[in-house]
Amino acid sequence: MDVNVEKQESAPLQSLDEWEEDLLERYPTKEHVFRDYAAEVRPTVKEFYRLNHTYQTREFVRAKKEQYCQLETRKMSVWEAMEFLNTLVDDSDPDTDATQIEHLMQTSEAIRADGHPRWFILTGLLHDLGKVLCLYGEPQWAVVGDTFATGCRYSDKVVFSEFFEANPDSKVAEYQTDCGVYEPGCGFDKVDLSFGHDEYLYHVVKDYMPLESLYMIRYHSFYPWHREGAYTHLASEQDREMLNWIKEFNRYDLYSKVDVRPDVEKLRPYYEELINEYFPPQIRW
Ligand SMILES: [Fe+2]
Ligand SMILES: [Fe+2]
């Protein structure tokens, strides 16, 4: 296959941020005037969701978890991972768009400004580090995008749910009942959500961060649940208890993209100390 065709095919988004910018349009703040989301969505974003919904089968998800969640890909410190993520070269504009580290720090600084506990601030700094999957060669549709449950009926609350038609799992009868292969109330820990940066980072940090933080990290892209109320029949008691933390985190993730770019070098000592409070010098990725 022609390299450019392949690139276009696997990377319709100009940058990973394009997905997040689209989320802002789908979930605008009160100050934004209402707009017709479906009519105005960018073709690149739509194409991205077509690929994501077509190729994220249950089998794909399980294979990627097997491949990455044993943490045998790399060893690096949290700060090294931030610098590594910053090497992600895409088609975004370096003069106007925030870098990956800047997005992480905008999020953590907004959390810090509101007086939240240190683990919460650190969660803001960490939350998108799973995007290093792109640097391992994974396509955009396996790294970002709203996550959804595989192995059970697709929810029509998932954005562009019509694209699930092309997913081979839509023809598997066992996967197309309300609970599919799962038990009611089994908890999302047991559910194979579509694979991406949330799930991967959860495994990287699960021995180091408190439960609330792990929920924020693992489910921050699970908009169908935390924003649209889908899949509640699979949620456990603990999932329900943690939901408000995810919602609280989402405010900072989506709405902290301010014009002022954080001074990364100036903030670095503060964050290195914070990282050292929770993490050893090297961790497995
Ligand atoms: Fe994210
Ligand atoms: Fe984010």
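My entries below go from the whole chain to single residues.

**Confidence.** I began with the caveat that this is a predicted model. The protein chain averages a pLDDT of 92, and 92% of the residues score at least 70. I marked residues 1-5, where pLDDT stays under 50 and the model has one contact beyond four places in sequence.

**Overall build.** I looked up the secondary structure and found 13 helices and two strands in the protein chain. The C-alpha trace spans about 55 × 40 × 40 Å along its principal axes. I then checked the radius of gyration: a compact globule of 285 residues would come near 19 Å, and the protein chain has 18 Å, so the two agree. For contacts with a separation of 6 or more, residues 24 or more positions apart account for 78%.

**Core.** I noted that 40% of the 285 residues count as buried. Which residues touch the most other members of the largest nonpolar core? They are Leu126 and Leu201, in a core of 69 residues. Leaving out residues up to four places away in sequence, I listed Leu126, Leu129, Gly130 and Ile217 as the ones Leu201 touches. A reminder to myself: nonpolar side chains in soluble globular proteins tend to be buried together.

**Helix 4.** I tested the length of helix 4, residues 43-55. Its 13 residues at 1.5 Å each should span 18 Å, and the end C-alpha atoms are 18 Å apart, so the expectation holds. Its buried residues are Val45, Phe48, Tyr49, Leu51, Asn52 and His53. I also kept the general rule at hand that an α-helix has 3.6 residues a turn, so residues three or four places apart point the same way. Against what do the buried residues of helix 4 pack? Their partner is helix 2 (17-26).

- Leu71 is partly exposed because it has 14 other C-beta atoms within 10 Å.
- Phe160 has a positive phi of about 55° and lies in the loop between helix 8 (118-126) and helix 9 (197-205). With 17 C-beta neighbours inside 10 Å, Phe160 also counts as partly exposed.

My last stop was Val89, in the loop between helix 6 (78-85) and helix 7 (100-113). Buried or exposed? Val89 counts as exposed, because it has 10 C-beta neighbours inside 10 Å. From Val89 to Gly187 I noted 37 Å, C-alpha to C-alpha, at 98 residues apart in sequence.

Technical notes:
Residues numbered from 1 in each chain as written. Chains lettered and ligands numbered in written order. Predicted model: local features only at pLDDT ≥ 70, side-chain atom pairs only at ≥ 80, totals over all residues. Helix = DSSP H or I, 4+ residues; strand = E, 2+ residues; numbered from the N terminus. Rg over C-alpha atoms; globule rule 2.2 N^0.38 Å. Buried ≥ 20, exposed ≤ 12 C-beta atoms within 10 Å, placed from the backbone. Contact = placed C-beta atoms within 7 Å. Expected span 1.5 Å × (residues − 1). pLDDT = per-residue confidence, 0-100. Core = buried A, V, L, I, M, F, W, Y, C linked by C-beta atoms within 7 Å.
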